[in-house]
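Hello,

Here is the structure I promised to pass on to you. Please have a look at it, and then read my notes below.

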Amino acid sequence: MSSGTGSRDLSALTVGFIGAGNMAFAIGSGLIKQGVLKANQVIVSATNLENLRKRWAPLGVTSATTDNSEVIRKADIIFLCVKPHILPVFAKSIEGKLAGVDCSEKVLVSVLAGVKLDRLKSEFASLGINHVRTMPNTPMQVGAGCTIYSEGFGVDCPKTVRDRYEDIKFMLNQLGLAYEVREDQINGITGLTGCGPAYVYQIIEALADGAVKQGAARDQAIRMAAQTVMGAAKTVLETGKHPAVLKDEVCSPGGATIHGVHELEKGGLRATLMNAVEKSANRAKELQ
């Protein structure tokens, strides 16, 4: 279920991003642009310091480093955005550097596809850090994301950790929709929420191409296609109507739309999209 929005004072928090690529930037930039965090509350790390600063400086972020352990030392909440296959190497590389550092009230938020909470706990056992597993998506950078998440705390975790978890839920909800789910649901839903934006971008491109074929200017066609998709999505969310009902409302008897819908059915659009979600979900399971 969605954790809701409400309001929280996050001004005392320091939030870190390790492996500051596209996903880290989507989350971090979204939080700053939405006014959830100030730039001076953010610290980022990656291997190329020059590129890191160049990308994050326009947001006002000045705390950038190539030392991943520095992020964990300084931050209260750390978004781990490295590739899943380098997790063992990453964990080993910071273990010695953080010896003696108290991580018992810090929360590591994993965005690693397919990596389960049990494995995170095992890889970072020596740190004693707390874990949340998430699967966000890149539209978070414009406040229109969709995130699923699950926590891996014990019943005896400190109250500070529970408070941090509420902070995390608040942040995720400020960047779109966020749903707490059972961990065993995450891989399956990843094929929709995590990978879905790529499918929609292809649909937008294809719709624009169709308009260009009919004589529309390319830049206008892309914007019109994007607006059409956004408008349809917003209608689903705000009316609460089933997409099939909304589709029928557009399809006048014998009209232009139903002829186009027939072509989509002949091309297997729905089956193809269902297959894409399934294929991506299965791949997410393999990544663990």
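The radius of gyration here is taken over C-alpha atoms, and the globule rule is 2.2 Å times the number of residues to the power 0.38. By that rule a compact globule of 288 residues would have a radius of gyration near 19 Å, and the protein, at 21 Å, agrees with this. Its C-alpha atoms fill a box of roughly 75 × 40 × 35 Å along the principal axes.

Before the details, please keep in mind that this is a predicted model, in which local features need pLDDT of at least 70 and side-chain atom pairs count only at pLDDT 80 or more, while totals for chains, interfaces and linings use all residues. Residues are numbered from 1 along each chain as its sequence is written, and side-chain values use heavy atoms, with hydrogens and water left out.

The protein has 12 helices and 8 strands; these are DSSP runs numbered from the N terminus (helices: H or I, at least four residues; strands: E, at least two). Of the 288 residues, 40% count as buried, where buried means under 20% relative accessible area, exposed over 50% and partly exposed in between (1.4 Å probe, protein chains only). Among contacts (heavy atoms within 4.5 Å) with a separation of 6 or more, 70% come from residues 24 or more positions apart.

Now to the interior. A nonpolar core is a set of buried Ala, Val, Leu, Ile, Met, Phe, Trp, Tyr and Cys residues joined through side-chain atoms within 4.5 Å. The largest one has 40 residues, and F17, I27, V44, W56, F79 and M171 touch the most other members. Elements that each supply at least two of its residues include strand 1 (15–18), helix 1 (22–33), strand 4 (77–80) and helix 6 (159–174). Another core, of 22 residues, lies apart from it and has L80, L108, L112 and V115 among its members.

What does F79 touch, leaving aside its neighbours within four places in sequence? The partners are V15, G16, F17, I18, I27, V109 and M171.

Two further residues are worth a look. T147 is found in strand 7 (residues 145–151) and counts as buried because its relative accessibility is 0%. Beyond four places in sequence, T147 is in contact with T134, M135, P136, M140, L172, L177, A178 and Y179. K247, in helix 10 (residues 243–250), counts as partly exposed at 38% relative accessibility. K247 and I258 are 11 residues apart in sequence, with 9.3 Å between their C-alpha atoms.

Best wishes
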